Amino acid sequence: MKNIILLGAPGAGKGTQAALICEEYNVPHISTGDILRRNIKEGTPLGVKAQEYIDAGALVPDEVVIGLVEDRLSAADCQNGYVLDGFPRTIPQAEALDKVASIDMAVNIDVPFDMIVTRLGGRRVCKCGATYHVSTLNGETKCKACGDDLFIRDDDRPETVQNRLRVYQDQTEPLINYYAGQGKLVNVPATGSIQEIFEDVKKVLE
Ligand code: AP5
Ligand code: MG
């Protein structure tokens, strides 16, 4: 397996596809959002620092996130490939990554903005990391994986979503050209079902 980046707007389905890829190819799923949220829950110094940015829908400062990804990529389980989800998110993050890693492909999960608002508006998550959408839960309020209560992510409130989308357009979308310029970009139109998109993602990875 390769070293892969998943690009895409908030709510495009990066986490959903990353989980499927990592299960299929048995590689680690490195989500900076998940790492930051875990630190917030545990009340670590990193979590305390990150919380105000995340709650506002802003980006956590580059130096903080770059440091944590560099640490994570040096772990033994990253030697046979990995999927980065939510990192890099700015050009300085991408440049820092190029200094410590050899990225094979950046897969852009491409979804129109109106569909994103629907995906985020109906997202339900579990402490165990599982992610669902109300449209497929049939009223179920417990996690299918672990039985715990599902909840709405704090930053999925409508006003925070609008800010996250603005931040994405300003700071993250330029990465599409950055990786296109390196010949590493693959665009995957992602308006279909989770499984249909996964079949397309597998084709580009293989
Ligand atoms: P992060 O956790 O990375 O959030 P994000 O980029 O906003 O993306 P999301 O996790 O919201 O969406 P996703 O693309 O993973 O979609 P999902 O699969 O859940 O970051 C959160 C915050 O942390 C940032 O705002 C920032 O503050 C900070 N941060 C993180 N990384 C950082 C960095 N590198 N630098 C600085 N700050 C950083 O799917 C969404 C919903 O749609 C779900 O309900 C899902 O079930 C549903 N769905 C998925 N696919 C489909 C489909 N095909 N059809 C129908 N529904 C679908
Ligand atoms: Mg995610």
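How many residues surround ligand 1, and which are the closest? Good morning. The structure I present today is a predicted model, and I shall begin with that question. In this model 34 residues surround ligand 1. The closest are Thr-16, Ala-58, Arg-89, Arg-123 and Arg-164.

Sorted by class, the shell around ligand 1 holds 14 nonpolar residues, 12 polar residues and eight charged residues.

For Gly-15, the backbone takes part: one of its N or O atoms lies 2.9 Å from an oxygen atom of ligand 1. For Arg-89, which is also among the closest residues, an N or O atom of the side chain is 2.6 Å from an oxygen atom of the ligand. For Gln-93, a polar atom of the side chain lies 2.9 Å from a nitrogen atom of ligand 1.

How much of the accessible area of ligand 1 does the protein cover? Taken on its own, the ligand has 1000 Å² of accessible area, and the protein covers 93% of it.

Which elements give two or more residues to this shell? They are helix H1, residues 14-25; helix H2, residues 32-42; helix H6, residues 113-121; strand S6, residues 131-133; and helix H10, residues 194-205. H2 supplies the largest share, with four residues.

H2 also leads us to the next topic, the sheet. This helix lies across strands S2 and S3 and runs at about 65° to S2. Those two strands belong to an open sheet of five strands, in the order S2-S3-S1-S4-S7, with parallel pairing. At the edges are S2, residues 29-31, and S7, residues 185-189, each of which pairs on one side only. Neighbouring strands of the sheet are turned against each other by 25° on average, with direction ignored.

S2 pairs with S3, residues 82-85, in the parallel sense over three bridges. Here Ile-30 stands opposite Leu-84 of S3.

Finally, I turn to a pair of helices. The axes of H8, residues 158-172, and H9, residues 174-181, come within 6 Å and cross at roughly 35°. Which residues meet there? From H8 they are Tyr-168, Gln-169, Asp-170, Gln-171 and Thr-172, and from H9 they are Pro-174, Leu-175 and Ile-176. By class, this contact comprises four nonpolar residues, three polar residues and one charged residue.

Thank you for your attention.

Terms used
Residues numbered from 1 in each chain as written. Chains lettered and ligands numbered in written order. Predicted model: local features only at pLDDT ≥ 70, side-chain atom pairs only at ≥ 80, totals over all residues. Heavy atoms only, no water. Near = heavy atom within 4 Å. Polar contact = N/O pair within 3.5 Å; in protein donor to acceptor, adjacent residues only side chain to side chain. Areas by Shrake-Rupley, 256 points an atom, 1.4 Å probe, with all protein chains shown as cover. Nonpolar A, V, L, I, M, F, W, Y, C, P; charged D, E, K, R; others polar. Pairing = 2+ DSSP bridges. Axes fitted to C-alpha atoms, helices over the stretch in contact; angles between N-to-C directions. Contact = heavy atoms within 4.5 Å.
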